[in-house]
Amino acid sequence: MITVFRADRVAVDGAERPAAVVVEGERIVAVLPKETDVGGARDVLLGVDEVLLPGLVDTHVHVNEPGRTEWEGFATATRAAAAGGVTTIVDMPLNSLPPTVDVAALEVKRKAADGQCSVDVGFWGGAVPGNAGELRALHEAGVFGVKCFLIDSGVPEFPPLLDPEPALREVASFDGLLIAHAEDGDLVTAAHGRRYADFVASRPAAAEDSAIAGLLRAAAATGARVHVVHLSSASALPELAAARAAGVRVSVETCPHYLALTAEEVPDGDTRFKCCPPVRGEDNRDALWAGLADGTIDMVVSDHSPCTPDLKSLETGDFGQAWGGIASLQLGLPVVWTEARRRGHSLAEVVRWMAERPAALVGLGRKGRIAAGCDADLAVLAPDATFTVGELHHRSPLTPYAGRELHGVVRATWLRGHPVDGDDPRGRLLTRGEH
């Protein structure tokens, strides 16, 4: 069966243009002028207000299954992803039980996911004290890299690497990738109470900056490839740019909440906004956008990290007690697009940040682009349409975006040539090197 998607606006090669995207089976086989006749094909004609995008790739998702499936699970997370135009996710190694710190745990995770997924799913491994000998085996078993924390992770079964250099030397030996939650615990203090300003002060930008500087020194010493997750401190950008210019193999992500929210707007006691590192001030947000624009920040991914409502401590509003994580997988595209359009950025730029570059980070060469040979992972977006955030597919109903009006309505999502249907999960479990 050949299907042709015809639209006046198709995100191709870093721009938008009219095109006919020809899909045969699971792959895109050609991108042609819009009116090209393709004999015997079934046409899917987009509306004049719609844009055809590549399916987004979100490389920072905490699914939490097995073990904490009441927080989130593969069925609910992947339905939420598809509803938000995301066709590939990569699952983090912690918050599930067991954590993905060896091959046996990876197999437990893959078995839990099998048959439940509405989108394609890959996996990160974990780097914790004492498991350096497991990292090569995890790499060979197909994880896309290994995640470490340089500070307490919030769950006891995934302790921090206070010295990442031994793990980096091991990762460098097989040219793998280490991704790091970078905060310096010596500069973080215990948080208490309802005042959001006190919580931000307890996890200052200096804690991020210090940990990132140490990670960059270790990466330079070992030659390892490193990736900084969920950057919230814009003051780290000059050092990151300098390290990259000096030859350190470092990439950087930030998240929708750091680009859309500001500390000034967070109500005291509203722990739906709590994440670690925290949402900072408006000037910091502006500087993060500048870092995206100049390329110091490579990509935008969700850090979707939900929990059960009781763990958010909404009754007390105590930021010290509440779980730190924001549920946003379904909303990443409209959240980022709403702010990007206000700042004069194009939809093509958003596609680069949220599809092409995350796919490149993990080596998924057939994902994140509309081009011949790529998987037919597609999203239909009405960029000027608005909606008010209400009920979501996430298992957790709590999000700081509740009640917000956002631009960008995802009207359809296609995975490898098939429309996504939550009742017929077609998602595959991905391994490094197969794409």
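Tutor: Gladly! We need one cut-off to begin: a residue is called buried when its relative accessible area is under 20%, and exposed when that area is over 50%. Please keep in mind that this is a predicted model.

The buried ones are Phe74, Ala75, Thr76, Ala77, Thr78, Ala80, Ala81 and Ala82. What do these residues pack against? Their partners are strand β7, helix α2 (103-113), strand β8 and strand β16 (405-415). Just after α1 comes Gly85, with a positive phi of about 80°.

Two of those partners, β7 and β8, lead us to a sheet. Strands β6, β7 and β8 form an open sheet in that order, and their pairing is parallel. Because β6 (56-61) and β8 (120-123) stand at the edges with a single partner strand each, one side of each has no neighbour in the sheet. From one strand to the next, the twist averages 20°. As background, strands in a sheet pair through backbone hydrogen bonds, in either a parallel or an antiparallel arrangement.

The pairing can be followed residue by residue. β6 and β7 are joined in the parallel sense by four bridges, and here Val61 has Asp91 of β7 as its bridge partner. β7, which spans residues 86-91, also pairs with β8 in the parallel sense over four bridges. In that pairing, Val90 stands opposite Gly122 of β8. Is β7 buried or exposed? Six of its six residues are buried, so β7 is largely enclosed by the rest of the structure.

Six strands make up an open sheet with parallel pairing, ordered β9-β10-β11-β12-β13-β14. Here β9 (125-126) and β14 are the edge strands, and since each has a single partner strand, one side of each is left without a neighbour in the sheet. Within this sheet, strand β11 (residues 177-181) and strand β12 (residues 225-228) run parallel and are joined by four bridges. Ala180 stands opposite Val228 of β12.

At 1.5 Å a residue, the 13 residues of α9 (residues 282-294) should span 18 Å, and the end C-alpha atoms lie 19 Å apart, which agrees. Asn284, Arg285, Leu288, Trp289, Gly291 and Leu292 are the buried residues of α9. They cover an arc of only 155° around the axis, which puts them on the same side of the helix. On the other side, Asp283, Ala293 and Asp294 are exposed. Among the elements that the buried residues of α9 pack against are β13 (250-254) and β14 (299-300), both of which belong to the six-stranded sheet. Helices α7 (237-245), α10 (332-342) and α11 (347-361) are also among these packing partners. After α9 comes Gly295, with a positive phi near 90°.

Helix α7 has a further partner. Helix α6 (residues 205-222) packs against α7 at an angle of about 10°, with the two axes 10 Å apart. That angle makes α6 roughly parallel to α7. Where do the two meet? Ile212, Ala213 and Leu216 of α6 meet Glu239, Leu240 and Ala243 of α7.

Let's finish with two single residues. Ser313 sits in the loop between β14 and α10. Its relative accessibility is 14%, so Ser313 counts as buried. Setting aside neighbours within four places in sequence, Ser313 is in contact with Thr271, Asp318, Gln321 and Ala322.

Ala348 is part of helix α11, and its 10% relative accessibility is why it counts as buried too. Leaving out neighbours within four places in sequence, Ala348 is in contact with Gly14, Ala15 and Glu16. As a reference distance to Leu216, Ala348 is 132 residues away in sequence and 30 Å away in space, C-alpha to C-alpha.

Key
Residues are numbered from 1 along each chain as its sequence is written. This is a predicted model: local features need pLDDT of at least 70, side-chain atom pairs count only at pLDDT 80 or more; totals for chains, interfaces and linings use all residues. Side-chain values use heavy atoms; hydrogens and water are left out. Two strands pair if DSSP finds at least two bridges between them. Axes are lines fitted to C-alpha atoms, for helices over the stretch in contact, and angles run from 0 to 180 degrees between N-to-C directions. The expected span of a helix is 1.5 Å times one less than its number of residues. Buried means under 20% relative accessible area, exposed over 50%, partly exposed in between (1.4 Å probe, protein chains only). The arc is that of the directions from the helix axis to the C-beta atoms. Contact means heavy atoms within 4.5 Å. Angles under 35 degrees count as roughly parallel, over 145 as roughly antiparallel, 65 to 115 as roughly perpendicular and the rest as oblique.
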